[in-house]
Amino acid sequence: MNTIYLCAIAQPWIKTIKRLNTEFDLNPSYVVHWQNDEKEFVDANLKNCHLQKIDDAWKGLGFPADIDRYIFDEQELSQISYYELVGLKMMDRLDPDGESFPFNNRLYFFRDLLGYWFNVVDSRNIELVISPSIPHRVFDYALYIVCKIKNIKFVMFQLTPFGSNSVLTDDIDSMPMLKSEATQNAEPSQTVQQRIAKVHNDYDKAIPSYMLSHAENDKKNYAKLSLAYSKKLTRSYKLLTSSPNTYWVEDGFAPSETQYSWVKFYSMQLKRKHLVEDFKKQYQKMITQALPDKYVLVALHYQPEETSCPTGGAYSDQILMIQLLNQQLPKDITILVKEHKSQFYAHQESASGRTPLFYRRIREISERVKFVSETHDPFELIDSAQLVVTISGTIGWESAIRGIPVLTFGRAWYEGMPRVFKIKTKAELASALSHVKEQRNKDLTPEIMQFHAALEKKFITAKHYKSYLPNSDVTMDESVDNLVYGLERFLSMLMDKNDR
């Protein structure tokens, strides 16, 4: 079975790839790898396997020299128009200031990516793609769409907040069903229970690790964005001998043509910093100090990022969620909107994820829409809310544990958990709103524990992704064993399902 491996780190993936080839005949035909792992992949001698660096893939470069682009006609494009819209939104990550990568340029680039992957899959007779994360870097999402068109298996890892544990899925829009009947009265491991226990505590003890690292990185990077620092760099030898490694697109150019100089790069960094400061000021002018008596909490996602696009589909436009809530909620309930704290960190990609218009458009939906400070204690907001609304955020999982019903408008790793209602249509929203009251503060502890026990049966414990490398809960050799066994088991399940 000819296989593509996406965004693979050298360890543990080289050993995993070789074992999957030897033991289960998964032939590595194409690998997209991190640039600093290039030598290890070359030395691995994966025969007849094309190697493409992620840095090139971001720009639409590095495809096999003999591959041209497949050209889609109108009928073919109409079949994938929804996915194309999501892909174009995903390109906010490549647009450093929200102005440098306009619609037409995005469209050209995305259709080029689709065309290249279409012919790669055809020419190499690809039957399987394995991705260590949910595709969200545009080039990997384009391949996902091609696999949907051609009915090719695409297996991806959904990360969880429990150490180096992930869950496999073959669908961006949903998680695998859990067999809860097999876990009656079962309890999850102590590791999972301890993580759940933190959510019952104060927020300071339950802050997700990624939030702590975002805050720390913001402090470290703030000085680097100052004008004095930029001027200092412009006088350095570095400016004459190298260029920044970035996937940002330069205004007026295609990604493949873009080549930032250090001067332009740091000028853009400063511009982005000012953009973030500007929309932060606009937001803070709108916040309310006193919490309403009855409210629904809408917890906005940091954007641009995978957790909203592609995870949210059309609801990556988070305004749409609020508009639908305003249509269907009882009129005496306030819609309280909380911005994600990371949205105001200048070192992130926040500058292309918001504008002051975003907040004004939310405010104009209705007089009952209010904003609360991004620094307000999330657990206090959760506990007083009638329900919590998110695309797929950790706050939804925390809310369900703390007794407050949750509406998720995307694929959350915790979907199917008690008190969690997945919403995609107006009918589903109406149905959920009619049932949330009965679940608020109801004791569902046994059911919640059973859900986690069932979920844990699907865990693959492995350092398969860069963010997991610092973890100490699994060795690299164990990671290889777990990846080989987990992928074999999941692929067997998919084949059994297809045979039925």
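Strand β7 (residues 295-299) runs parallel to β8, and five bridges join the two; strands here are DSSP runs marked E of at least two residues, helices are runs marked H or I of at least four, and both are numbered from the N terminus. This is a predicted model, in which local features need pLDDT of at least 70 and side-chain atom pairs count only at pLDDT 80 or more, while totals for chains, interfaces and linings use all residues. Residues are numbered from 1 along each chain as its sequence is written, and side-chain values use heavy atoms, with hydrogens and water left out.

**The sheet around β8**

- An open sheet of six strands has the order β9-β8-β7-β10-β11-β12, with parallel pairing, where two strands pair if DSSP finds at least two bridges between them.
- Because β9 and β12 (420-422) stand at the edges and each has a single partner strand, one side of each is left without a neighbour in the sheet.
- Neighbouring strands of this sheet are turned by 25° against each other on average, direction ignored; the axes are lines fitted to C-alpha atoms, for helices over the stretch in contact, and angles run from 0 to 180 degrees between N-to-C directions.
- Leu297 stands opposite Leu336 in β8, and on the other pairing of β7, where three bridges join it to the parallel strand β10 (residues 387-390), Val296 has Leu387 as its bridge partner.
- Four bridges join β8 to strand β9 (residues 369-372), which run parallel, and Lys338 stands opposite Val372 in β9.
- The chain crosses from β8 through helix α14 (residues 356-363) to β9 in a right-handed β-α-β crossover, meaning that, with the strands pointing away from the viewer, the path from the first strand over the helix to the second runs clockwise.
- A right-handed β-α-β unit is also made by β7, helix α13 (residues 318-328) and β8.

**Buried elements**

- Strand β8 (residues 334-338) is largely enclosed by the rest of the structure, because five of its five residues are buried; buried means under 20% relative accessible area, exposed over 50%, and partly exposed in between, with a 1.4 Å probe and protein chains only.
- Thr334, Leu336 and Lys338 point one way from β8, whereas Ile335 and Val337 point the other way, and all are buried.
- Helix α19 (residues 445-456) has buried residues that include Ile448, Phe451 and Leu455, and what covers the buried residues of α19 includes β6 (165-169), α8 (190-199), α16 and β13 (459-461).

**Ser100 and its surroundings**

- Ser100 lies in the loop between α5 (81-90) and α6 (103-123), and this residue is buried, with a relative accessible area of 3%.
- The side chain of Ser100 makes a polar contact with the side chain of Asp97 at 2.8 Å; such a contact is a pair of N or O atoms within 3.5 Å, and within protein one must be able to donate a hydrogen and the other to accept it, while residues adjacent in sequence count only if both atoms are side-chain atoms.
- Apart from its neighbours within four places in sequence, Ser100 is in contact (heavy atoms within 4.5 Å) with residues including Asp95, Val249 and Met268.

**Backbone features**

- Most residues other than glycine have a negative phi, and most peptide bonds are trans.
- A cis peptide bond joins Gln303 and Pro304, with omega about 0°, and Pro304 is found in the loop between β7 and α13.
- Asn125 has a positive phi near 50° and is not a glycine; Asn125 is exposed, with a relative accessible area of 51%.
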